[in-house]
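This briefing is meant for a reader who is meeting the structure for the first time. It begins with one term, moves on to the chain as a whole, and then takes up selected strands and helices in turn.

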Amino acid sequence: MSDARLSYVDYLESLSKKQLMVMLARARQEETQGIGVIGMGCRLPGDIDTPAALWELVREGRQVPTAGMQATDSLGQPRWNLRAPDLAPLAELLSSGAYLKNIDLFDADYFGLSDDEARHMDPQQRLLLEVTLQALADANLSRASLRHQRVGIYIGTGFMEYGSAPLRNRMPAQQASAHMLQGNTLSAASGRLGLILGVNGPAMTLDTASSSALSAVHLAMQALRRGDCDIALVGSCHLLLAPFTTHLLERGGALSPTGESRPFSARADGHVRGEGCGVFVLKRHKDCLRHHDAVYGLLRGSAVHQHGDRLALSVASAAGQKEVIQLALRNADIDPLDVQYVEAQANGSQLGGAVEAEAMAQAYGRAQDTQAPPLYTGSCKANLGYLEVASGAPALMKTLLALSHGEIPPHRGAQDPDPRIPWHDLRLRLPTQALPWPTPRRLAGVSGFGMNGINAHVVAESAPPPTPPTPSGTADTATLLVLSAHNERALRATAQRLLTDLQGRADWQAHTVCRTLMEGRDHLKFRFAQPAQGRDEVLQALQRMTGPRALPTPAGAGLHLSLPGTAPASVASSTPLWTQMQSHAQALAIAADAPPQSQDATHASALAWSLACLDMLDGLGITLHACSAGGPYRHTLLQRVCGKLTSAQVCERWRERLPDDLAPPSAGWQIKVTGPHTTARRQGAEQTPTHFTPTPHDDAPWTELLAARYEAGDTLQWSAWWGPRGPLMRLPGPVLTGRRHWPEAFRWS
């Protein structure tokens, strides 16, 4: 045993029983601490591209059309040439599916990828990048903010079929691209995501078949609890890119001949294949509280388990399903009878549904207790089809949304339950309509069972109600609306998406919207900024943005600040400048030895105001190219501008009554005296930079300055003006403008 290990054992032996109990309790608390889901993104069949759209689908009990649906690209072409002799017999089989639209489109420019690399990258990798972007926006995390944190990446994915088409089409070797290698490997799904985001931390891609998404969640929860990372991105993606996989599943009797998934239904006859992608952003709940994150729900426990004592690789094991649920409940430290709902793996197989119902009822204590509260169950595969490797993502998303809304959505097909399942004896219920959650404490389970016997289960709980946010402003306070994108078309589309979202809801304030866009988004090349006062002005600004417009004229490479030589009559106490001015006024010691109306106090007030303005510009990250100052201490003040003195040193010189000498110019600066004013200008700076004269009476001039600097491309530190980051709100993410990236050699011909 190592010396370090021995010393730790000695330390434990030195503790009292009470101290050991406290230590164990704290360790257990860390092991079972809740993991908050703060962001979600999805792209699912039926044009569902937001969690809200998924909730609307399942709550209304609707089904995405699957029977008779063709997989086509953005040009309307079939994904596979079904006229080919070997594919023609599969035409009818392939006409049923829950397919995504336009998977050939990808916005390579946004992610800084070349067209050649994008063309040869598996569309599953491309889709993961785009959906992750939406999940991060939903969590109000920018790529810039992630670079300062430890981020774990856990991706579940399966078949890599994109690269099989060139082999079938006998693509000449000289047409092969080096990008085909990493573009079609499993590990690149997580590695590329980490590279594009520029984050550091653990990253892995895993394939446990239909339990992949929940297996990835399990690993991410462990990493967060151990402290391996502070944020985790968990995703799963599945696309149907090769037609013969569908043929093999049909040969095995897994597919529905009627082209629909009907889990737990008397008419269940197999499943229909589907496509989709879902991404989650996870954080420790204590960090969510500290950072004022909005939380969909808490992940309390999880488990992954493979039960080797079964008849064959793909045979469902009731014992294995029961065991993984019990392990997850133990990990969550939750009584099984306290759980009210389980989102089942059920995909449309009658035998599989019956096995799962029995295992679920036993694991959750319902089969053994006729007095136990009923356990509601359902499966969103009845709404979306079976997304196979990605199926756990919408299942978990649906469950978190149900917990958040305090409502159990109906199970499509509940009116016609499978009579071979003893629902009453098992205390299981299929909700026929949307139901209010039956207990104040809302708990749910989510199952994901892989066809190769690797099962996963996650236990989730509703998040505590958030603390009401402190209003960040009032209706008549000026704020700043900012929006950016990587091209002009995306900027207009993002403005339209945001406008539509805000017009359809009432739960927002102008200040909160503006702060969310400032602090929760990346700021890209094409920008728009406009002062806004209240909701109406925010909506009007977005309406102007939705149409073509002239690009903003850059506001100049630098800024010319004009500082008054007299004290301001008043400064609004609600502004950050007032706080800074008060601090400098105290440092100048004017209150103790000078009457308020004396000339000395007046000059000191003017100096305090000027220093506050300079400190504010520094805090915002705005560089001065020139500054004009008046008043009796202007030369010393300009030494602060040129970097010779700090604000504290200026205050010290004032207190010591040192003379206001015109010091020699600092390196790189020119000094010019014109009557009662002195100007300092950077050498080589343009002669006509933007002029700014701050006023102490309101925020409007500062807001206009920030708008101009933002559109000029400056990187601004928003907290210097608006204060520390506070609660933000969920707003739709940026719109991507995809172009076609699908070479003919990669289309099954």
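Two strands are said to pair if DSSP finds at least two bridges between them. The model described here is a predicted one, and its protein chain holds 28 helices and 22 strands.

**The chain as a whole**

- Taken along the principal axes, the C-alpha atoms of the protein chain fill a box of roughly 95 × 75 × 60 Å, and buried residues make up 54% of the 749 residues in the chain.
- Of the contacts in the protein chain between residues at least 6 apart in sequence, 81% join residues that are at least 24 apart.
- The protein chain exposes about 31,500 Å², and carbon and sulfur atoms supply 53% of that area.

**Strand 5 and its cover**

- Strand 5 (residues 231–238) is mostly covered, since eight of its eight residues are buried.
- Both faces of strand 5 are covered, with Ile 231, Leu 233, Gly 235 and Cys 237 buried on one side and Ala 232, Val 234, Ser 236 and His 238 buried on the other.
- Strand 5 pairs with strand 6 (residues 276–284) in the antiparallel sense over eight bridges, and His 238 stands opposite Gly 276 in strand 6.

- Strand 1 (residues 35–43) is mostly covered, with eight of its nine residues buried.
- Eight bridges link strand 1 to strand 6 in the antiparallel sense, and one of the facing pairs sets Gly 41 opposite Val 279 in strand 6.
- Strand 1 is joined to strand 7 by three bridges, also antiparallel, and here Ile 35 stands opposite Leu 299 in strand 7.

**Helix 14**

- Helix 14 (residues 318–332) has 15 residues and reaches 21 Å from its first C-alpha to its last, which is close to the 21 Å expected at 1.5 Å a residue.
- An α-helix has 3.6 residues a turn, so residues three or four places apart point the same way.
- The buried residues of helix 14 are Gly 320, Gln 321, Val 324, Ile 325, Ala 328, Leu 329 and Ala 332.
- These buried residues pack against strand 7 (297–306), helix 15 (350–363), strand 13 (443–449) and strand 14 (454–461).
- After helix 14 comes Asp 333, whose phi is positive, near 60°.

**Helix 20**

- Helix 20 (residues 510–519) is mostly covered, with ten of its ten residues buried, and among them are the charged residues Arg 515 and Glu 519.
- The buried residues of helix 20 pack against strand 15 (479–485), helix 19 (488–503), helix 21 (535–545) and helix 28 (719–722).

**Strand 18 and its two partners**

- Six of the six residues of strand 18 (residues 624–629) are buried, so this strand is largely enclosed by the rest of the structure.
- Strand 18 pairs with strand 17 (residues 559–563) in the parallel sense over five bridges, and His 560 stands opposite Ala 626 in strand 18.

Conventions:
Residues numbered from 1 in each chain as written. Predicted model: local features only at pLDDT ≥ 70, side-chain atom pairs only at ≥ 80, totals over all residues. Heavy atoms only, no water. Helix = DSSP H or I, 4+ residues; strand = E, 2+ residues; numbered from the N terminus. Buried < 20%, exposed > 50% of the residue type's maximum accessible area, 1.4 Å probe, protein only. Contact = heavy atoms within 4.5 Å. Areas by Shrake-Rupley, 256 points an atom, 1.4 Å probe, with all protein chains shown as cover. Expected span 1.5 Å × (residues − 1).
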